[in-house]
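Here are my notes on helix packing and aromatic contacts. Please read them with the model open.

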Amino acid sequence: MNSASAPGAMQPASELEAGASSSKRQILAWASWDWGSAAFNAVMTTFVFTVYLTSSAFGGEDSASAALGAALAVAGVAIALLAPVTGQRSDAGGRRKLWLGVNSAAVAVLTGLCFFVFPRPEFLLLGVSLIALGNVFFEFAGVNYNAMLAQVSTPANIGKVSGLGWGAGYLGGIVALLAVLQLFVQPAFQWFGASTQDSLNIRLVAVFSALWFLVFALPVLFAVPELPRTPQARRLGFLASYGLLFRRIKAIYATSPHTIYFLLASAVFRDGLAAVFTFGGIIAAGTFGFTLSQVIFFAIFGNVVAAIGAVIGGFLDDKVGPKAVIAGSLVGLLIAGTAILLLGNGTYAFLGMDWAGSTTFWVFGLFLCLFVGPAQSSSRAYLARLAPHGESGELFGLYATTGRAVSFLAPALFTLCITLATPLVPAGEAQRWGILGIMVVLLAGLLVLLPVRSPGKAPIAVVPLT
């Protein structure tokens, strides 16, 4: 155990070590939020509603996409600036669960209001504003939700619990997407929700997603107790909270520098992990010739494999530690990505059989999905192990902020590599080289991670209370 003391500082025990117990009921209730959140992540912001928002009905794909991108950029700035302080204030006030509930309810309401986004250009601003605000509140809720990991787990099972949550999120996305597909997009039977007049079916997807998220977000609010209020902490004004935040960052760097190093390393490789999913479907269609239905089919299988990887990675996390799981996952991602890059859409003879480009993407694309889950899950578990007692919310707020700060890396390098390859390769071959940009980001994240100490070898930070 790490121990130290400092004037005006709390004892440097981790919040995880201070936890009383871990019950199956609390773990399942906590993971239920991850399951429900997939309705916002997968349905609203990735596969269904944002596709609707960027359609020709809203004035043209290009202008609508630009409007959505601008709104999400503003939301990203707001998250980066506000997430650490909102986490800090919920920690100190003993209101972590309260603010998880408030922010989750805000996401559900904003999602439900998307029902009123009719397929006409004058509703575009309403639509992108609701999605952007939903993203802000969703990230705020995620800060408190991730911080709760230390409340529902113990040092012996934190990796397994985190992996269960990520796995539930992946599987929840599959179930929600299949339900949306069968009820609204390609309805299996006729009912009023199948009507395409004024895009009623797609607008009802927003109501479905709001109810889905709300229902599955409720269990954690009943099963997990509220965080006790920090007795020594005094109330601070909102702006004064930033002063305390910077003092704490300085103190963390002074007493536990590897916590800061991990935040920086994870920001880089998490951007690469996000890019694997963001650009995976684009590469499948553009480079390997997948149809839309084939892309969706691959996405379903990919989410299943990612869920399995997250659960397996969680078990390994508790055995060998989160750093080993993350590093191993990043190496696996680099190998699989390099195979896709080098093999491309060509046909090869392998063991007397033809190996087609589609086979290349199916095999190595699923390997990419397998390794993404453990890296994401163990990153959360890694940080939870280093969170000082009562400070998880603030630390996960910094986790969100650092991630947002470098979120341009993978998209920028993806685009740059395609641009550089375009005059050098045959027409239609340049997109594949965008994979190189993603691999560079993942490799950079791995190299920055390697010198960072494992949580068991890094001291818990001593942070000032005021």
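1. A crossing is left-handed if the near helix is turned anticlockwise from the far one by less than a right angle, and right-handed if clockwise. Helices (H or I, at least four residues) are DSSP runs, numbered from the N terminus. By that rule, H14 and H15 cross right-handed.

2. This is a predicted model: local features need pLDDT of at least 70, side-chain atom pairs count only at pLDDT 80 or more, and totals for chains, interfaces and linings use all residues. Residues are numbered from 1 along each chain as its sequence is written, and side-chain values use heavy atoms, without hydrogens and water.

3. Helix H14 spans residues 357-386 and helix H15 residues 392-405. Their axes (lines fitted to C-alpha atoms over the stretch in contact, angles from 0 to 180 degrees between N-to-C directions) come within 10 Å and cross at roughly 140 degrees.

4. The whole structure holds 27 aromatic pairs. Rings of Phe, Tyr and Trp (its six-membered ring) pair if their centres lie within 6.5 Å; planes under 30 degrees apart count as stacked, over 60 as edge-to-face and the rest as tilted. Phenylalanine 298 and tryptophan 362 have ring centres 5.1 Å apart and planes at 70 degrees, so they pair edge-to-face. Phenylalanine 298 sits in helix H12 (residues 292-320) and tryptophan 362 in H14, so the pair ties parts 64 residues apart in sequence.

5. Phenylalanine 298 is buried at 10% relative accessibility; tryptophan 362 is partly exposed at 25%. Buried means under 20% relative accessible area, exposed over 50%, partly exposed in between (1.4 Å probe, protein chains only).

Terms used: Helix = DSSP H or I, 4+ residues; strand = E, 2+ residues; numbered from the N terminus.
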